[in-house]
Amino acid sequence: MGFESDATDASLASLRDELKRRDDAYEATTGIKSSRDIIARDPEWEEMYQQLKRAEMALAESTRKPGGCARYIPRRRRFCASRAADGCDGFCSLHAPSLGDRQISAPGREHRDRPIDEPAPASGKDGGDGPSSSGANAAADNRRKTNIHRRMKKMTNPMAAPHRVPVEAPDWPTVFKDPTLPTFIDVGCAKGRFLQRAATVDREVFEAAHGRHNLLGLEIYPPIVEDA
């Protein structure tokens, strides 16, 4: 095992040295730094680059802990450090295909067979004036939510002791011009922007949908109320 690891390290060092030599030579000749698109145009250069990425993945695979997530992260040259979650096909809950923000292949299948960092196909490559199906899929993929795994912000507990102290109700006839109208209450109104629009620029639309109302906003978080 130690000999295999040494051989892998030597192979990685050799590939990196050769790729760096090609990068330096290209920049010295053209005055432009190489990029993935430039590398992909040269079959020999591209094959060497893919060899390096396959060797990096093999090295990461050899050091991956049993039961770990099967998502490989090329930029970090390692697999996800989280443990695989139950019922997630070998992935952690963040990278599971059914839970993530984009489709990820199952362990041992597409994401290992597909060339790493493969250049994206040009839009409309398959002919016609409209965008290609791959371009449409990519656009749809970019519209998906990307913040579904962010930790939920801590909210103010309305049942906490400081908020259970009774307060005196205002004199509604002095608050509303016509207190006989029904009251539309926005619970958790934050800075009250929805109600402000409903009473001003969107008044006609609001009244057409809900009728005339007195508008009342309730907010429990003092800094937001003060800022409003």
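I began with helix α3, residues 43-63. At 1.5 Å a residue its 21 residues should span 30 Å, and the end C-alpha atoms are 30 Å apart, so the two agree. The expected span is 1.5 Å times one less than the number of residues. Helices (H or I, at least four residues) and strands (E, at least two) are DSSP runs, numbered from the N terminus.

I noted the ground rules. The model is predicted: local features need pLDDT of at least 70, side-chain atom pairs count only at pLDDT 80 or more, and totals for chains, interfaces and linings use all residues. Residues are numbered from 1 along each chain as its sequence is written, and side-chain values use heavy atoms, with hydrogens and water left out.

I looked at burial in α3. Among its buried residues are Trp45, Met48, Tyr49, Leu52 and Ala55. Buried means under 20% relative accessible area, exposed over 50%, partly exposed in between (1.4 Å probe, protein chains only).

Next, the nonpolar cores. I used this rule: buried Ala, Val, Leu, Ile, Met, Phe, Trp, Tyr and Cys residues joined through side-chain atoms within 4.5 Å. The largest core has 10 residues, including Leu12, Leu15, Leu19, Ile38 and Ile39. Elements giving it two or more residues are α1 (2-30), α2 (36-41) and α3. The largest share, 5 residues, comes from α3. I checked leucine 19: it touches Trp45, Met48, Tyr49 and Leu52, leaving out residues up to four places away in sequence. Contact here means heavy atoms within 4.5 Å. A second, separate core has 7 residues, among them Cys69, Ala70, Phe91 and Ala96.

I searched for disulfides (cysteine sulfur pairs within 2.5 Å). The count is 0. For cysteine 92 the nearest cysteine sulfur belongs to cysteine 69, 3.7 Å away. Cysteine 92 is buried at 5% relative accessible area. Cysteine 189 is buried too, at 13%.

Last, aromatic pairs. Rings of Phe, Tyr and Trp (its six-membered ring) pair if their centres lie within 6.5 Å; planes under 30 degrees apart are stacked, over 60 edge-to-face, the rest tilted. I found 5 pairs in the whole structure. Phenylalanine 184 and phenylalanine 194 make a tilted one, 6.3 Å centre to centre with 40 degrees between the planes. Phenylalanine 184 lies in strand β3 (residues 183-187) and phenylalanine 194 in helix α7 (residues 193-199), so this pair ties parts 10 residues apart in sequence. Phenylalanine 184 is partly exposed at 22%. Phenylalanine 184 and phenylalanine 206 have centres 5.1 Å apart and planes at 85 degrees, so that pair is edge-to-face. Phenylalanine 206 sits in helix α8 (residues 203-210).
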